[in-house]
Amino acid sequence: AILEPHVLEDRYRVTDLERRGTKDWKAAEEAAEGRELLKAADMEAALFMRDAVWGNATARALLEGCLTEQSVFWSDSTTGLACKARADAVNLTLGALVDVKTTTDASPRGFARQFASLGYGLQEIHYRAGFASVGFEPEVFAFITLEKSHPFLVATYELPPYTRQAYDERYCELVMAYAQCYRANHFPGYDDAIVALDLPFI
């Protein structure tokens, strides 16, 4: 809906049915003529989210005229590992890679917590390496964030250079560690022994 706003109504058909897998649902699927059934509430939310992103000047500038869902495959230059990445959007005019993230809190502090917790910085480094391997080195890597509930607020973020450098170093360490585990066919987990739990809030 967000990356290809013009095809939303063509790809889905709205239904008032609530339960999937019923005879009525199957009949509605047949009548939809290849379009995917979507509950009315879900379609309403999708339209709100689409309009929120495309109504935001910065997000619109990043997404307008871009290539969507572009995949790249390459071999890591240090370890030789086979790698792949799939970017939400590539804006060749602006020299930008764009990643769209939904979140419960798109404020700077709120999204920073999600960013750190889910390793989005490592994702950026990985994607940059992949697209550099095919000759595209983005000037901008933008994270468009969209809150999942009304009023579907939108904000756009990027990593400052000094933070990206730290993630770059960490990424290299993790790739090397993964390569060693892969070649040894041994991926160690946590300690097998009983470990005393250290609670940070005490």
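1. First, a definition to keep handy: a charge sits over a ring if NZ of Lys or CZ of Arg is within 6 Å of the ring centre and within 35 degrees of the ring normal. Here, Lys 101 does this with Tyr 120, lying over the ring's face at 4.1 Å from the centre.

2. A word on the source. This is a predicted model, where local features need pLDDT of at least 70 and side-chain atom pairs count only at pLDDT 80 or more, while totals for chains, interfaces and linings use all residues. Residues are numbered from 1 along each chain as its sequence is written, and side-chain values use heavy atoms, with hydrogens and water left out.

3. Now the rings. Rings of Phe, Tyr and Trp (its six-membered ring) pair if their centres lie within 6.5 Å; planes under 30 degrees apart are stacked, over 60 edge-to-face, and the rest tilted. That gives 13 aromatic pairs. One of them is Phe 115 with Tyr 167, edge-to-face at 6.1 Å centre to centre and 70 degrees between the planes.

4. What does this pair tie together? Phe 115 lies in helix H5 (residues 108-118) and Tyr 167 in helix H7 (residues 161-184), so the pair links parts 52 residues apart in sequence. Helices here are DSSP runs (H or I, at least four residues), numbered from the N terminus.

5. Phe 115 is buried at 10%, and Tyr 167 is buried at 18%. Tyr 162, also placed in helix H7, is exposed at 64%.

6. Phe 115 and Tyr 167 also belong to one aromatic cluster, whose members include Phe 111, Tyr 120 and Phe 141.

Conventions. Helices (H or I, at least four residues) and strands (E, at least two) are DSSP runs, numbered from the N terminus. Buried means under 20% relative accessible area, exposed over 50%, partly exposed in between (1.4 Å probe, protein chains only).
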